[in-house]
Amino acid sequence: MYGGLDTNIFLQYMAWVTYPVVLITFSAGFTQILAPQAVGSGIPEMKTILRGVVLKEYLTLKTFVAKVIGLTCALGSGMPLGKEGPFVHIASMCAALLSKFLSLFGGIYENESRNIEMLVAACAVGVGCCFAAPIGGILFSIEVTSTFFAVRNYWRGFFAATFSAFIFRVLAVWNKDEETITALFKTRFRLDFPFDLQELPAFAVIGIASGFGGALFVYLNRKIVQFMRKQKTINRFLMKKRLLFPALVTLLISTLTFPPGFGQFMAGQLSQKDTLVTLFDNRTWAKQGLAEEFEYVGISEAWKHPHANVFVTLVVFILMKFWMSALATTIPVPCGTFMPVFVIGAAFGRLVGESMAAWFPDGIHADSNTYRIVPGGYAVVGAAALSGAVTHTVSTAVIVFELTGQISHILPVMIAVILANAVAQSLQPSLYDSIIRIKKLPYLPELGWGHQEKYNVRVEDIMVRDVRYVTLNCKYRDLQEVLYSTKLKSLALVESAESMILLGSIERAQVAALLSGQLGYQRRLQYMQERAQAGRNSVAEKPQDEAGHKASDTGVRFQISTEESSSAPPHGESRKPLKPALKRSPSSLVESPTAGSPDHSGIALKSLFCASTATEPAEAENSAPPEKRKSKRVRISVADQYELPGEMSPSELVAWEEQQLDQPVNFNNSKIDPAPFQLVERTSLHKTHTIFSLLGVDHAYVTSIGRLVGMVSLKELRKAIEGSVTAKGVKVRPPLASFRDSTASSSETETTDIHQLWDRRQRLSIPRESSPSETDDKCQ
């Protein structure tokens with residue numbers, strides 16, 4: 001449209017601006033409506049998921065559709081946006097959906113660890129098919145997403161990434177875009193003498209400058225987001241008009257890149273792919289520094305300006321694209337940042353290369369042979385260095401080799417990438433870690449060189465001591481209070497509030513299921529049915545009582561028969577609703593001890609972890625098929641005035657719920673983890689950080705001689721590493737407090753605690769499974 005409207009510059013401008021604005025606005029709106037989780041890169045979320053944190057809706061089919069369509073529109077708009085991060089997210093969603101589908105057929109895909117292995121391979125596939133770089137893809141995915149990497153996943157990721165890159169390039173051949181499978185941005189640098197050793201300082205300068213540039217890019221990107229959030233008026237306005245911000249940003253960038261306008265100073269009409277092709281060109285654009293002798297071939301004409309030389313064009317391009325890319329990546333559409341940064345780095349390298357070519361027009365002399373300087377090689381080095389500095393990865397060097405198809409510049413590229421990483425890592429976190437902090441995703445910062453003093457901190461200095469827990473002999477009211485007072489996904493299960501012996505952990509969903517089962521509609525219906533049966537029973541037995549016959553239990557067995565036989569109610573109370581079977585106190589059951597007996601917790605503990613549990617007769621009758629219970633009721637010929645009542649009145653409902661909440665909890669059918677992850681008080685912060693990173697746990701209980709004394713989560717660990725142990729819920733102690741404690745007094749306390757625990761164990765024998773030898777002794 002832009003090319004066909006060359007007679008009218010205003011129509012050209014409208015076509016140039018409208019197309020990107022419409023595409024970006026549609027992408028933002030479609031993503032926001034269908035799945036807001038599809039916004040952004042996807043690599044920070046994958047890094048969090050691979051740490052073991054569950055993020056809702058991030059790997060669903062709905063997010064997949066939103067990501068694919070939104071990314072297609074965002075890339076088609078021509079904005080400085082990338083596709084690497086979204087490709088990793090898309091591949092991970094494919095892996096998750098495949099695992100979910102295959103788990104329907106059973107087998108290994110039902111295992112959660114296999115899903116993590118699939119996601120690790122998917123991250124490699126995403127990078128591999130983005131650049132047709134399988135080796136760089138697997139290495140980049142390891143560096144970006146993993147703190148510790150399981151080597152068994154290496155060949156799986158490499159296998160999958162190789163196939164993805166192969167199919168990506170084969171499709172290009174089938175579409176007649178390529179004659180055969182070649183590199184994506186093939187370069188033709190000379191192989192006999194690619195660079196002179198005297199050029200290495202220039203490559204090192206590119207690396208150091210790229211390190212500072214990468215840190216500045218991450219800082220600028222974060223500051224833009226924080227500025228938008230802190231300005232409450234702007235934030236409130238943009239929250240109401242969600243599509244206005246992406247439309248305004250797109251309009252601004254499109255206007256500045258309009259080729260007849262300011263875009264003529266920055267090759268505005270070139271797409272990202274064409275820009276990279278021209279920047280990697282091995283022909284020198286400047287000869288002798290004279291403007292009339294510039295050589296431009298094909299699409300390189302875009303860099304030519306009649307009133308400015310190539311150095312001005314490249315400097316303007318770098319400066320403008322730098323802030324444009326930092327701003328564009330904050331738009332709420334599916335987009336990455338790797339490609340824009342890659343292009344900016346290539347432009348910076350090209351600028352240094354053109355400068356070197358201008359300073360040494362005849363090349364650097366070596367043994368009477370003259371080899372001209374190749375600016376395209378400098379562009380390759382700059383692209384790898386800046387993208388490596390922004391992402392804190394070294395594997396961008398390998399990606400560049402696979403991308404260009406030449407490994408001739410391996411030494412300059414490695415030098416520049418390592419120097420860029422050294423500078424950037426000392427100044428700023430990586431772009432992905434920065435986004436994780438902005439989005440407040442759970443993360444664990446690294447223990448760097450500047451954290452030696454943290455090695456003296458122990459778990460007892462940072463743990464939360466006010467831990468919400470559930471006791472083995474608690475009531476349903478306690479469960480209700482715990483659910484209302486905390487949002488933890490799992491709760492500690494202790495023996496009693498006095499002993500605090502940690503028995504295991506129970507999921508929040510299990511606690512909610514227990515509570516809803518006790519107060520749910522089925523339970524209430526059962527209670528009303530039993531109340532109706534109690535009324536029928538009293539009518540049926542009243543003539544027998546008046547005739548002097550004693551009520552017997554030989555006829556029909558009711559669900560309330562145990563209570564009738566054990567405690568016969570007076571005549572005046574016979575019409576009152578009787579307690580349901582599940583609601584009886586332990587003292588009314590023959591096989592249960594009294595509520596206050598010391599053996600109660602032991603028997604309950606055995607019922608949790610041992611398979612053989614005694615089933616109450618009343619529960620057996622409750623679990624009988626409804627046909628049998630119905631037939632029992634039919635055998636009673638009672639007047640029809642005791643039909644099943646309707647819903648309870650509000651006052652009856654409240655009284656019934658209060659009555660139910662006072663019942664002790666039965667954990668027999670609950671899924672309980674008997675071995676939650678535990679630390680001791682004296683565990684060092686360094687060891688805790690290593691364990692959390694290696695195992696991917698998000699919380700751990702702190703115990704002392706088996707007693708629960710606290711809990712450490714990612715939040716407390718992060719605050720301790722970042723030096724803010726004064727936050728709410730974290731115990732404030734000096735870092736060396738553990739060392740100042742008297743060793744003698746602490747050991748005496750521990751010895752006393754052990755003796756008390758041993759004495760208590762002798763008084764209270766906790767049931768355990770007997771060994772065969774003990775069984776034989778008892779039989780003898």
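1. Contact range. Among contacts (heavy atoms within 4.5 Å) between residues at least 6 apart in sequence, 75% join residues at least 24 apart. The model is predicted: local features need pLDDT of at least 70, side-chain atom pairs count only at pLDDT 80 or more, and totals for chains, interfaces and linings use all residues. Residues are numbered from 1 along each chain as its sequence is written, and side-chain values use heavy atoms, leaving out hydrogens and water.

2. Overall make-up. The chain has 31 helices and 9 strands. These are DSSP runs numbered from the N terminus, helices being H or I of at least four residues and strands E of at least two. Of the 780 residues, 47% are buried. Buried means under 20% relative accessible area, exposed over 50%, partly exposed in between (1.4 Å probe, protein chains only). The accessible surface is about 39,500 Å², with 59% belonging to carbon and sulfur atoms. Areas come from the Shrake-Rupley method with a 1.4 Å probe; for residues, only the protein chains shown count as cover.

3. Nonpolar cores. A core is a set of buried Ala, Val, Leu, Ile, Met, Phe, Trp, Tyr and Cys residues joined through side-chain atoms within 4.5 Å. The largest holds 122 residues, and Phe131, Phe280 and Phe692 touch the most other members. A second, separate core of 20 residues includes Cys474, Leu479, Leu503 and Leu661. Leaving out residues up to four places away in sequence, Phe131 touches Glu84, Leu184, Phe338, Met339, Ile399 and Leu403.

4. Helix α6. This helix covers residues 134–145. Its 12 residues should span 16 Å at 1.5 Å a residue, and the end C-alpha atoms are 16 Å apart, so the two agree. The expected span is 1.5 Å times one less than the number of residues. α6 is mostly covered, with 9 of 12 residues buried. Among them are Pro134, Ile138, Phe140 and Val144.

5. Ile69 lies in α3 and is partly exposed, at 33% relative accessible area. Phe26, Leu61, Val65, Val68 and Ile69 form a nonpolar surface patch with about 390 Å² of accessible area together. Helix α3 (residues 61–76) supplies the largest share, 4 residues. Patch residues have over 30% relative accessible area and no salt bridge; like charges are joined within 9 Å, nonpolar side chains (Val, Leu, Ile, Met, Phe, Trp, Tyr) within 5 Å. Leu71 is also in α3, but is buried, at 4%. Other contacts of Leu71 include Phe87, Ile90 and Cys335.

6. The rule asks for a side-chain nitrogen of Lys or Arg within 4 Å of a carboxyl oxygen of Asp or Glu. Arg156 pairs with Glu117, the closest N and O atoms being 2.7 Å apart. This pair links Arg156 in helix α7 (residues 154–174) to Glu117 in helix α5 (residues 112–131), 39 residues apart. Arg156 is partly exposed at 27%, whereas Glu117 is buried at 10%.

7. Salt bridges at Arg477. Glu658 pairs with Arg477, closest N and O atoms 2.9 Å apart. Glu658 is in helix α26 (residues 650–661) and Arg477 in helix α19 (residues 476–485), 181 residues apart. Asp662 also pairs with Arg477, at 3.1 Å between the closest N and O atoms. Asp662 sits in the loop between α26 and β6, 185 residues from Arg477. Relative accessibility marks Arg477 as partly exposed, at 22%.
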